[in-house]
Amino acid sequence: MKVNMNIDVHHVTRVEGHGNIRIEVQDGRLVEAKWEVVETPRFFEAILKGMPHDNAPTLTSRICGICSIGHTLASLRAVERAMDVEVPATAQKLRLLAKHGETLQSHFLHLLFLVAPDFLNVGSVIPLVDSHPDLVAKAARLKGMANSMCDLIAGRTTHPVSLVVGGVSKAPDKRQLAELKKTMEDRMRDAADVLELFKTLALPDFERETEFVSLKGDKTYPWIGGDLVSSDGVIKPEDQYLAMSNEYQVNFSTSKFTKLSRDSFAVGALARLNNNYDLLHGKAKEVAETLGLEPMNYNPYMNNIAQLVECFHALAESLDLIDEMLDGGMNDLRRRYEVQAGVGIGAVEVPRGILYHHYNIDEKGMITHANCIIPTTQNNANIHYDLAELVKQEVKKGSDDQEVRKLCEMLVRAYDPCISCSVH
Amino acid sequence: MKYLGIDIVKPRLAVFDFTGCEGCELQLVNKEETLVDFLSLFEVVNFREASSDKSDAYDIALIEGCISRQDEVERLKAIRGRVKILVALGSCACCGGVNHLKNGFPIEDVVRQVYGDRKIETEKVRSLKEVVQVDLEIPGCPVSKAEVERIVIALVTGAEIRMPKYPVCVECRQQLNTCLFDFGEICLGPITLAGCGAVCPSGKVGCRGCRGPADDANYESFIDVVVDKGFTEAEIRKKIEFFNAFEGPAKDTIASLIQKRIKTFNAFSGVRA
């Protein structure tokens with residue numbers, strides 16, 4: 001057993017935003033294990049107050065550079081539900097396709113640029129350019145494919161352009177969609193090679209039973225809107241998101257913490273998959289099986305594996321969506337609407353978990369109140385309590401400071417936190 | 001690395017982030033078809049979002065985000081003290097970006113709305129140049145990776161850095177887009193610095209001017225169009241204030257022109273009545 005330990009990671013690297021890990025063990029006893037978010041707040045909710053409703057998606061996409069499409073979609077859903085705006089079916093399909101582009105971009109970036117260096121014992125993807133040129137080329141091609149999906153459907157990957165209230169302002173033509181389909185099919189070989197690589201990686205052995213919160217799929221794996229569900233059996237309609245998230249403050253973090261049935265809960269790919277496993281696309285379910293991922297899985301490092309499974313799901317579902325659009329008409333893209341007062345809530349599954357936007361809108365279409373609850377905010381408490389359990393396990397095993405430090409950083413990284421997003 | 005027997009010293013590049021969404025940093029790892037070549041131009045010594053390696057010795061710093069806390073002021077000054085060329089990357093770093101909108105409210109009110117009675121350290125949002133000397137600004141929300149590559153390659157090779165002088169309208173016309181004013185929207189394309197490829201108007205959404213004023217913007221004609229199309233001073237103000245990229249002379253010019261134009265418009269309306 002290890003007796004004393006002092007770990008102080010100032011600004012964890014290869015994650016989005018600024019967070020610290022502090023661990024102290026004395027005489028074999030855990031004194032402190034802390035997940036500290038020190039990001040500077042930006043006050044988007046205050047800025048939204050008094051803003052025209054149709055500016056909200058553009059503004060809130062700037063909450064996050066990685067999941068800006070997800071923020072736009074949650075914002076649109078909140079505005080559209082507040083004003084009873086009906087979105088045409090083709091626009092809904094295009095939005096989901098943009099969403100899949102973002103999920104693929106974000107997951108591949110995380111797995112291949114940020115996580116892979118840990119398994120290959122280097123500090124970043126840069127030395128891999130020389131040591132593993134094939135892997136880097138595949139990573140770049142896969143991320144490039146995802147970015148070109150977003151660019152084609154949403155006008156831009158970071159801070160999308162053409163996702164607007166009522167539908168979409170511009171759509172690709174069928175020739176462009178057919179080209180995208182061809183590119184995606186070509187990239188399947190790269191995705192299969194990445195799968196082979198991940199089969200060979202040994203993930204850290206650690207489990208802590210927790211509650212998983214996600215959207216609840218009805219007939220398909222959930223992405224945009226619907227009921228909220230927890231693995232402890234709580235089910236709430238989307239509008240009762242506050243009863244699901246229960247934010248509270250801790251004095252060592254500028255991002256809030258949340259809880260539901262226990263001290264903490266987890267959101268994200270593993271939560272979605274644990275709660276909706278049967279709704280995975282056939283190919284993705286095969287991938288999950290070959291990687292040994294079945295519900296309920298309580299190893300937080302397996303979130304990486306769940307992300308890879310979701311990449312296969314998003315690829316398969318995107319190809320289906322493109323086929324549907326190639327077979328049908330694509331003219332009905334945007335619905336006119338009457339500005340009216342109302343309250344709207346939009347819940348969307350973004351790469352890191354469930355995201356809520358909530359606006360009160362007055363009869364002139366101006367926002368009078370806004371609330372945004374971000375996935376990483378919901379994961380903070382789970383990361384915090386996981387760290388304590390992980391350190392206790394490693395102290396018992398007698399692991400040294402360097403090993404524990406790396407496992408702690410990898411644990412935080414497995415959640416793929418979006419820290420500046422969580423302090424918005 | 002050697003070329004013709006001569007040692008080639010790569011510049012040491014650092015990337016830092018302050019208050020912002022880290023979208024501009026993310027852009028640095030985009031444009032995958034040239035990514036490996038781009039990264040091979042320099043030795044990347046600091047890039048927290050993408051790398052665990054750290055060093056205090058670097059030649060060029062690309063800095064994202066605005067300044068909104070005292071520790072950020074100190075961190076930025078320390079970087080300035082170490083670096084030869086400090087580059088502001090994106091609208092937040094260049095002019096405060098959307099974060100600047102917070103400055104329109106009393107700070108106590110915004111803190112209370114999110115944190116209740118808890119004391120949270122936060123200051124008025126400032127751009128980098130309001131705190132330290134900035135050598136080069138690359139505007140945009142987010143920055144265009146193609147433009148970043150072009151500028152950084154020029155920096156590394158010592159070539160002249162050229163920015164367009166013309167407005168977004170030029171690039172928009174090259175793409176044969178229908179003018180957004182004809183769809184009934186305000187578009188800042190006529191007065192905003194080009195270089196983004198007119199990405200917003202090409203997506204049929206009006207330009208919000210994230211890149212700031214073009215050198216040869218024709219403000220008078222722009223105001224003529226805006227007023228003729230029936231938009232109000234408040235509408236145009238909201239538009240140009242979104243990214244704070246028109247702060248200063250451009251904003252004053254627009255304000256005085258719109259006042260003058262509205263008076264003329266009203267006078268003619270009076271004659272007609």
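Visitor: Which side chains meet in a salt bridge at 2.8 Å, N to O, in chain B?
Guide: Those of Glu147(B) and Arg211(B). The model is a predicted one, and the distance is computed from it.

Visitor: Is Glu147(B) buried or exposed?
Guide: Buried, with a relative accessible area of 2%. Arg211(B) counts as buried too, at 6% relative accessibility. The cut-off for buried is under 20%.

Visitor: What about the salt bridge of Arg95(A)?
Guide: Arg95(A) pairs with Glu80(A), and their closest N and O atoms are 2.7 Å apart. That pair links distant parts of the chain: Arg95(A) sits in helix α4 of chain A (residues 89-119) and Glu80(A) in helix α3 (residues 68-82), 15 residues apart. Both Arg95(A) and Glu80(A) are buried.

Visitor: And which residue does Arg22(A) meet in a salt bridge?
Guide: Asp8(A), at 3.1 Å from N to O.

Visitor: What is the relative accessibility of Arg22(A)?
Guide: It is 26%, so Arg22(A) counts as partly exposed. Asp8(A) is also partly exposed, with a relative accessible area of 45%.

Visitor: Which residues are linked in a network of salt bridges?
Guide: In chain A, Arg14(A), Asp118(A), Arg405(A), Glu409(A) and Arg413(A) are linked that way. Over all chains, the count of salt bridges comes to 54.

Visitor: Back to chain B. How many positive and negative side chains does it have?
Guide: There are 36 positive and 40 negative side chains in chain B, and the centres of the two sets lie 2 Å apart.

Visitor: What does chain B come to in secondary structure?
Guide: It comes to 11 helices and 7 strands. The C-alpha trace of chain B spans about 80 × 55 × 30 Å along its principal axes.

Visitor: How many of its residues count as buried, as a percentage?
Guide: Chain B has 273 residues, and 54% of them count as buried. The chain exposes about 12,500 Å², with carbon and sulfur atoms supplying 55% of that.

Visitor: What about contacts in chain B?
Guide: Taking contacts between residues at least 6 apart in sequence, 73% join residues at least 24 apart.

Visitor: Why is strand β4 of chain B called largely enclosed?
Guide: Because 4 of its 5 residues (43-47) are buried, β4(B) is largely enclosed by the rest of the structure. Strand β3 of chain B (residues 12-17) pairs with β4(B) in the parallel sense over 4 bridges. In that pairing, Ala14(B) stands opposite Asn46(B).

Visitor: Now a sheet in chain A. What is the order of the open one with 4 strands?
Guide: The order is β8-β7-β6-β11, with mixed pairing. β8 (235-236) and β11 (265-266) stand at the edges with a single partner strand each, so one side of each has no neighbour in the sheet.

Visitor: How do β6(A) and β11(A) pair, parallel or antiparallel?
Guide: Parallel, over 2 bridges, with β6(A) covering residues 211-215. Glu211(A) stands opposite Phe265(A) there.

Visitor: What is phi for Asp84(A)?
Guide: About 50°, a positive value, although Asp84(A) is not a glycine. Most residues other than glycine have a negative phi. Asp84(A) is in the loop between α3 and α4 of chain A, and is exposed, with a relative accessible area of 64%.

Visitor: And phi of Lys31(B)?
Guide: Phi of Lys31(B) is positive as well, near 55°. Lys31(B) is placed in the loop between α1 (23-28) and α2 (32-39) of chain B, and counts as partly exposed at 25% relative accessibility.

Notes:
Residues numbered from 1 in each chain as written. Chains lettered and ligands numbered in written order. Predicted model: local features only at pLDDT ≥ 70, side-chain atom pairs only at ≥ 80, totals over all residues. Heavy atoms only, no water. Buried < 20%, exposed > 50% of the residue type's maximum accessible area, 1.4 Å probe, protein only. Pairing = 2+ DSSP bridges. Contact = heavy atoms within 4.5 Å. Areas by Shrake-Rupley, 256 points an atom, 1.4 Å probe, with all protein chains shown as cover. Lys, Arg positive; Asp, Glu negative; His and termini not counted. Charge placed at Lys NZ, Arg CZ, Asp CG, Glu CD. Salt bridge = Lys/Arg side-chain N within 4 Å of Asp/Glu carboxyl O.
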